Amino acid sequence: HDYLGVIMDFSEEGKVILLMKKYVEDLLDEAPMEMNGTATTPAGEVLFTVNQNCEKLDEHKAEIFHQTVAKLLYLSRRVCPDIQVAVAFLTTRVKRPWLISSGTMGETRQVIRISRRNVEM
């Protein structure tokens, strides 16, 4: 069964397996080239560090950031609870794009990379 991009596998009695492989693959295909690669953890050491004096993202990059975080939030709430903490923090930056730093984009890259590793497993 396929519902809202979530594939529900009922092949094992008493179990439901939720998969979003196509959704993740599409998300990864849309990600900027600098987000290629894989990661071993969903967040880096500086996840909750906000640099008030950071170089701001331009409007185009801020829009890409917003779209990517929205997709990651959907993914994290459905099948990837391991990325929820990192994604929750990234959502706090969406409404205030003037506080989005290149470091925050680095954290987004980290979540994309862990998602790539998870889809390949």
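This is a predicted model: local features need pLDDT of at least 70, side-chain atom pairs count only at pLDDT 80 or more; totals for chains, interfaces and linings use all residues.

Me: Is Lys22 buried or exposed?
Reply: Residues are numbered from 1 along each chain as its sequence is written, and side-chain values use heavy atoms, leaving out hydrogens and water. Buried means under 20% relative accessible area, exposed over 50%, and partly exposed in between, with a 1.4 Å probe and protein chains only. Lys22 has a relative accessible area of 53%, so Lys22 is exposed.

Me: With which residue does Lys22 form a salt bridge?
Reply: A salt bridge here is a side-chain nitrogen of Lys or Arg within 4 Å of a carboxyl oxygen of Asp or Glu. The closest N and O atoms are 2.9 Å apart, and the partner is Asp26.

Me: How many residues apart in sequence are the parts that Lys71 and Glu30 tie together?
Reply: The two side chains meet in a salt bridge, 2.2 Å from N to O. Lys71 is partly exposed at 25%, whereas Glu30 is exposed at 51%. Lys71 lies in helix α2 (residues 59-78) and Glu30 in helix α1, so the pair ties together parts whose separation in sequence is 41 residues.

Me: How many salt bridges does the count come to?
Reply: Besides the pairs above, Lys15 forms a salt bridge with Glu12, with the closest N and O atoms 3.6 Å apart. Glu12 is partly exposed, at 39%. By the rule given, the count comes to three.

Me: In which order do the strands form the open sheet?
Reply: Two strands pair if DSSP finds at least two bridges between them. Two bridges join β1 to β2 (residues 6-9), and Tyr3 stands opposite Val6 in β2. The edge strands, each pairing on one side only, are β1 (2-3) and β3 (17-19). The pairing is antiparallel and the order is β1-β2-β3.

Me: Which residues does Leu18 touch, beyond those up to four places away in sequence?
Reply: Leu18 lies in strand β3 and is partly exposed at 41%. Contact means heavy atoms within 4.5 Å. The residues touched are Val6, Ile7, Met8, Arg78 and Val79.

Technical notes: Helices (H or I, at least four residues) and strands (E, at least two) are DSSP runs, numbered from the N terminus.
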